[in-house]
Amino acid sequence: MLLLLFRLSFLSFFPSLSLSQHFAPTGTKPHQRISVSLNFKQRKQREEKRRMMMKLDTSGLESFSAAVPSAMAAAEDQLFAPPSFDLPAGCADFDKFQMEAKQTLKHAKGTTTLAFIFNQGVIVAADSRASMGGYISSQSVKKIIEINPYMLGTMAGGAADCQFWHRNLGIKCRLHELANKRRISVTGASKLLANILYSYRGMGLSIGTMIAGWDEKGPGLYYVDSEGGRLKGNRFSVGSGSPYAYGVLDNGYRPDMTVDEAHELARRAIYHATFRDGASGGVVSVYHVGPNGWKKLSGDDVSELHYKYYPVQPTPVEHEMVDAPPA
Amino acid sequence: MSIFEYNGSALVAMVGKNCFAIASDRRLGVQLQTVATDFQRVFKIHDRLYIGLSGLATDAQTMYQKLVFRHKLYQLREERDMKPQTFASLVSALLYEKRFGPFFCQPVIAGLGDNDEPFICTMDCLGAKELAKDFVVSGTASESLYGACESMYKPDMEPEELFETISQALLSSVDRDCLSGWGGYVLLVTPTEVQEKILKGRMD
């Protein structure tokens with residue numbers, strides 16, 4: 001605190017110093033190269049020092065300064081250095097700082113979601129865990145977002161990003177309905193979202209979503225991500241647990257399944273992913289999208305599923321103490 | 001993720017009335033992928049001394065092998081088992097030997113000393129001892145464990161109550177950690193017997 005006051009009072013004695021140089025916020029012009037301005041600032045500082053030193057008569061001290069040159073120079077530096085403040089941390093290399101900032105916000109899509117089309121419609125399933133690095137922040141996150149009564153979106157990546165942009169998509173779909181007097185197709189809805197995400201490409205949004213719905217052409221499923229990709233397909237799984245889910249899903253998939261079989265397949269796939277993947281867990285939610293819209297089929301706790309699929313076998317006791325039988 | 005979070009672990013040791021309990025989770029993972037759900041982290045040194053090693057699994061196993069070796073030599077020379085306090089100093093010295101290229105493991109030592117007095121201590125990866133009278137924790141879930149133990153612990157608990165407490169503390173803490181859990185393992189040691197129990201936990 002004292003140092004700050006000293007520096008402010010020091011400044012008042014040197015009105016010739018241009019304030020803008022020292023107190024202009026860095027990065028006001030986005031294209032400004034910080035390294036260039038540092039050199040400029042350093043040059044200015046050196047000029048000021050030289051000007052100030054010329055005012056003092058150090059002839060009497062020349063012999064002393066020759067004997068102890070370094071100490072004198074250091075003292076002079078401290079005494080006559082113009083007031084300045086340290087650049088904030090990370091601004092020496094602003095591009096690297098920006099990259100690091102985006103990295104910290106980058107959620108590694110710790111989740112498992114899947115969706116597949118079969119003869120009776122679309123099944124959409126997801127886990128419910130939200131994790132921040134190693135910490136589990138919630139076990140009860142809704143990862144299947146109801147865009148409108150006949151379209152669902154899944155959430156993977158940044159929770160805020162997914163929630164906001166899906167809601168935004170829902171608004172745009174409703175506006176389309178009102179403007180065109182008919183529902184928007186799944187193709188159209190996914191294209192709307194993909195175009196929005198493409199325009200934000202490179203800014204650090206993290207979204208890996210699937211848009212599933214039933215429109216006039218039948219069931220539709222699209223994968224859309226924050227890199228701007230949009231893919232049409234029959235089976236998708238997104239998130240850190242997706243390899244495990246794919247293994248089970250691809251093995252058990254048949255296009256002519258009944259709704260119950262498809263439900264159980266989706267539930268199993270997510271369960272296996274939660275078992276192997278650390279960032280997935282909580283509750284498996286399974287939805288079915290049919291010609292009349294979506295319906296939630298189940299929400300099962302993953303741990304209970306584990307003990308249902310693999311009940312605990314009573315193991316033989318290794319060292320059991322029993323009373324010796326009477327002779 | 002740091003090197004300590006590569007495999008994931010959770011360890012806790014608690015002191016009761018003339019007894020102690022040491023518990024660990026059972027997961028071995030490679031970052032987020034779970035590779036095994038029956039991994040042993042708590043090892044026996046002798047009947048009244050156990051060590052749990054959290055952190056990098058390979059360093060935990062190597063550390064255990066080195067310690068068993070040193071203890072066997074001690075047994076041959078001194079013709080008796082090591083006291084827990086001596087053992088803790090041994091672990092500390094071995095860890096500090098590698099000061100500039102350490103083992104990435106954090107031990108939790110629990111034993112019954114003279115007069116059946118329970119002894120627990122933990123160390124960081126360089127051997128700084130932290131003796132405690134109530135409980136010690138270690139691993140990726142250590143912050144959750146501190147909170148759970150602090151609220152659930154009471155001094156002078158009987159063995160059954162101690163087992164309940166340590167199990168609940170462990171299970172509720174690992175449920176908040178992505179990298180540990182998948183079951184629990186509790187070792188309860190009293191002057192007359194040793195009980196090993198496997199806990200049924202959340203497998204996600």
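Helices and strands are DSSP runs, numbered from the N terminus; a helix has at least four residues and a strand at least two. The model described here is predicted.

In chain B, the loop between α3 (142–152) and α4 (159–174) holds E158(B). This residue has a relative accessible area of 42%. E158(B) therefore counts as partly exposed. E158(B) also belongs to a surface patch of negative charge.

N18(B) is found between β1 (10–15) and β2 (20–25). Its phi is about 55°, although N18(B) is not a glycine. D116(B) sits in the loop between β7 (105–112) and β8 (118–123). D116(B) is not a glycine either, and its phi is positive at about 55°. With a relative accessible area of 24%, D116(B) is partly exposed.

Aromatic contacts were searched over the whole structure. The search finds 11 aromatic pairs over all chains. One of the pairs joins F164(A) and W165(A), with ring centres 4.9 Å apart. The two ring planes stand at 85°, so the pair is edge-to-face. W165(A) has a relative accessibility of 12% and therefore counts as buried. Elsewhere in chain A, ring pairs link F116(A), F118(A) and Y253(A) into a cluster.

Conventions
Residues numbered from 1 in each chain as written. Chains lettered and ligands numbered in written order. Predicted model: local features only at pLDDT ≥ 70, side-chain atom pairs only at ≥ 80, totals over all residues. Heavy atoms only, no water. Patch = residues over 30% accessible without salt bridge, like charges linked within 9 Å, V, L, I, M, F, W, Y side chains within 5 Å. Areas by Shrake-Rupley, 256 points an atom, 1.4 Å probe, with all protein chains shown as cover. Salt bridge = Lys/Arg side-chain N within 4 Å of Asp/Glu carboxyl O. Lys, Arg positive; Asp, Glu negative; His and termini not counted. Charge placed at Lys NZ, Arg CZ, Asp CG, Glu CD. Buried < 20%, exposed > 50% of the residue type's maximum accessible area, 1.4 Å probe, protein only. Phe/Tyr/Trp six-rings, centres within 6.5 Å; stacked < 30°, edge-to-face > 60°.
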